[in-house]
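Have a look at the model below, and keep it open while you read. The text after it walks through packing inside the chain.

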Amino acid sequence: MKKTIITTMLALVALMGLAQTKTATITGYSPALKDGTLVLAGTGTIGNVVDTVQAGRFAFTLPVEELTEGFLGFIGDGCPNFNLTLFLCPGVTVKLTGNDCFYPLWKIESPLPEQQTQSRITEHCRDVVTELMQMDLAHAPWADREVVEMKYMKQQMDILPSLPVDAATIRALWGISMTAKNTKDFPYMEQLKKLEKTIAARAPKGFEEQLTEIHNFVYPPRVLQIGEEAVDAELLDMQGQKHHLFEAFADGKYVLLDFWAIGCGPCMMSEPEMREVYEKMKDKLEIVAINQNKLSEWQKHEFSKRIVGKNWNNAMKDISSKYCDMGAIPYYVMISPDKRIIWKAVGYQPGYFLGMEDAFNCVKQDNSANLQFVIRKVDANASSTAISFRYYAHKSSGFSIANGSYLTANGKKYKLIAADGITLDENHYTQVKASESTDEFLGNTYYSDFTLTFEPFDIIPTTFDFIEGDVEGAFVIRNVSIE
């Protein structure tokens, strides 16, 4: 009897576990997919390799608790760098079929009305989506792709008013609005404003958060600029407790805001270097990592637990709308102890934080235009101005310094007259290992030191600017102090 009771209880526990594991199933086939092609999929912004294609087929399940937006992509020969949007619910099976590798245009069999709405959007934009994927595979320059991207935005806006307002419609509007926010002189802004108003009026309950974010994209609040005073914001920690941004200034340190999200490769790539520099600088610098994911996604993900400094979340993104000029991440904002914004930077390259550390500990300067490029010493006298530079980068990344480099101060330019440790106008690679880390990126970050000598200043200024020639993409370091 005792054994029977125990067995029954174990069976009930197992059944309860099964009942709590809700999944959606995705299957697919295309004869064009090569064996070994990786299948990447996930929900929200979190994805993983979930299967490997064999004989053109793949199948996998994803955990879902309710109607959820998911995505599917492939990594393999002939596959463009695109995501196919999927809407999933517990117990639903979605079947995908195609004859090529252009999977965003495949036939999707699903009982969910949201997926049917998404398919109508895709079908309406078939030609332009095809063109975008062809350009991706051909590695077309962004200037050419941007023109087609704008056509894609326009075609979506044209069909959205005729569709039901559901998760697919609002997702499409979100993508268009995000693009508009990040595009200077977006050509269809008036149409977008009318569309945002129409969809917001028709939307059922449950989409308030998304609609608020869309509205802020279309009518962005004024973004704080360099030199302005920081503003406070409410954030949540991993336990769901509320915090205020200004808590980070309690010890009189500089504060670096790090806007990031799970699934952002450069955000995760930067973590080892940020951690190493933070350990050296935490008496001068506080880092506030501000995650942009939904609270539950952020709390569950293993990477979130590795964050150094203040580890907070702002899923509503009201703080990013105040500080970030664009939606791209990672986005960094440095704030002085007196709560003044002193620089901003977007994106990450190996050496960013090592260069930032040097800028704090060597000559006062604003190297935020090229964080891994830094001035370490200035020797200004009556005969010349000699400047010692250091450049950090992955050992495989080359750099060059133009012969046309100059300094500006006193309303005048001062020409470059000599270089030591570098040959001007030639490509160089960093030579000295910058860290003992074994991380793939930090462990392969190196630096090179060199000195450039310029004409002497007429009158030695308090600060000057360095400009690496009047060419696009030139290195620039401003407000360099002469102590």
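This is a predicted model: local features need pLDDT of at least 70, side-chain atom pairs count only at pLDDT 80 or more; totals for chains, interfaces and linings use all residues.

Residues are numbered from 1 along each chain as its sequence is written, and side-chain values use heavy atoms, with hydrogens and water left out.

Let's start with the cores. A nonpolar core here is a set of buried Ala, Val, Leu, Ile, Met, Phe, Trp, Tyr and Cys residues joined through side-chain atoms within 4.5 Å. Buried means under 20% relative accessible area, exposed over 50%, and partly exposed in between, using a 1.4 Å probe and protein chains only. The largest nonpolar core has 50 residues, and the members touching the most others are Ile26, Phe58, Leu72, Phe74, Leu96 and Leu160. Its top contributor is helix 5 (residues 167–181), with seven residues. Helices (H or I, at least four residues) and strands (E, at least two) are DSSP runs, numbered from the N terminus. Another core, of 27 residues, lies apart from this one and includes Phe373, Val378, Leu416 and Ile477. In soluble globular proteins, nonpolar side chains tend to be buried together.

Leaving out residues up to four places away in sequence, Ile26 touches Phe58, Ala59, Phe60, Leu62, Leu86, Leu88, Val94 and Leu96.

Now for helix 5 itself. Twelve of its 15 residues are buried, so helix 5 is mostly covered. The buried residues of helix 5 pack against strand 6 (84–88), helix 2 (113–124), helix 4 (142–159), helix 6 (189–202) and helix 7. At the N-terminal end, Asp166 caps helix 5, with a side-chain oxygen 3.0 Å from the backbone nitrogen of Ala168; a polar contact is a pair of N or O atoms within 3.5 Å, where within protein one must be able to donate a hydrogen and the other to accept it, and residues adjacent in sequence count only if both atoms are side-chain atoms.

Which residues does Thr179 touch? Thr179, part of helix 5, is buried at 17% relative accessible area and touches Met150 and Met153, not counting residues up to four places away in sequence. Both methionines are among the buried residues of helix 4, whose cover includes helix 2, helix 3 (126–137), helix 5 and helix 6.

Next come the aromatic rings. Rings of Phe, Tyr and Trp (its six-membered ring) pair if their centres lie within 6.5 Å; planes under 30 degrees apart count as stacked, over 60 as edge-to-face and the rest as tilted. By this rule there are 28 aromatic pairs. Two edge-to-face examples are tabulated here.

| Pair | Centre distance | Plane angle |
|---|---|---|
| Trp174 and Phe217 | 5.9 Å | 65° |
| Phe246 and Phe249 | 5.7 Å | 90° |

Trp174 lies in helix 5 and Phe217 in helix 7 (residues 208–218), so their pair ties together parts 43 residues apart in sequence. Trp174 is partly exposed at 30% relative accessibility, whereas Phe217 is buried at 9%. Likewise, Phe246 is partly exposed at 27% and Phe249 is buried at 7%. Elsewhere, ring pairs link Phe373, Phe389, Tyr391, Phe399, Phe450, Phe454, Phe466 and Phe475 into a cluster.

Methods. Contact means heavy atoms within 4.5 Å.
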